[in-house]
Amino acid sequence: HLIPAVAPATAATTAAARQPTRYLPAAQQPQQQSQGPTHCNDGIPRSHTGPYKLSQFVFTSHHDGNGIIYHLGLDPTGVWNNPVDSRGLRVCASSLESGSLSMAVDHNFNNTLLVSEDLPFSWVLLDFGEKSVKPAYYTLAHRSAMRAPYMRSWQFEGSIDNVSWDIIAKHINDGQLGPAAPVHSWPVGADKAYRYLRIVLLPGGNSDGGNRLA
């Protein structure tokens with residue numbers, strides 16, 4: 001269950017071999033994604049060519065109401081609705097074994113869960129459409145009551161064109177998510193703004209040593 005806070009930001013609008021936990025921010029990562037993940041369609045072409053209005057969202061804690069995903073779901077009265085349902089955000093996934101795409105960003109911790117099939121390089125992609133985001137933090141959450149594998153080794157990636165992908169952060173045997181801590185945030189400090197953000201589970205990268213992304 002993914003809830004990327006990706007804030008603050010400037011927006012235009014493993015289990016296999018147990019090694020010590022290692023998390024590397026973008027500055028220490030090779031910037032291009034190697035072969036592996038399948039491709040998602042590009043979505044609706046942009047109609048706006050600029051200039052863009054810039055907004056900044058300052059991260060203070062998990063689910064602080066300052067995240068970009070949260071902002072996209074607010075209606076004029078201040079009530080939050082899932083931005084996938086209102087078409088303020090598009091979500092794609094490499095596959096779905098259970099759940100729905102809107103669960104990637106929802107706030108409803110019920111008894112259902114988005115889970116991919118057990119295939120290498122499983123991914124979930126966020127398409128911001130006319131907007132671009134420059135993440136400084138991102139948050140992931142897992143429904144703690146559900147029996148599903150936790151992410152351990154994955155990449156957080158960004159793309160301008162859905163073709164060339166930058167590795168914003170790479171996690172190897174990262175045990176931050178678990179039954180006792182179903183939510184965690186990581187600083188990333190991306191150096192550019194992206195239309196597309198993607199989580200890619202590395203082969204064998206969940207807590208069961210498999211490829212299901214939950």
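Glu-97 and Arg-212 meet through their side chains in a salt bridge, 2.9 Å from N to O; the term here means a side-chain nitrogen of Lys or Arg within 4 Å of a carboxyl oxygen of Asp or Glu. Glu-97 sits in the loop between E4 and E5 and Arg-212 in the segment after E10, so the pair ties together parts 115 residues apart in sequence. Strands (E, at least two residues) and helices (H or I, at least four) are DSSP runs, numbered from the N terminus.

A word on the source. This is a predicted model, where local features need pLDDT of at least 70, side-chain atom pairs count only at pLDDT 80 or more, and totals for chains, interfaces and linings use all residues. Residues are numbered from 1 along each chain as its sequence is written, and side-chain values use heavy atoms, with hydrogens and water left out.

Back to the charges. The search of the whole structure finds six salt bridges. One of them joins Asp-127 and Arg-90, with the closest N and O atoms 2.9 Å apart. Asp-127 is in strand E5 and Arg-90 in strand E4, 37 residues apart. Asp-127 is buried at 3% relative accessible area, while Arg-90 is partly exposed at 22%. Buried means under 20%, exposed over 50%, partly exposed in between, with a 1.4 Å probe and protein chains only.

Next, the nonpolar side. The largest nonpolar core has 32 residues, and Leu-89 and Trp-154 are among those with the most contacts inside it. Such a core is a set of buried Ala, Val, Leu, Ile, Met, Phe, Trp, Tyr and Cys residues joined through side-chain atoms within 4.5 Å. A second, separate core of seven residues includes Cys-40 and Trp-123.
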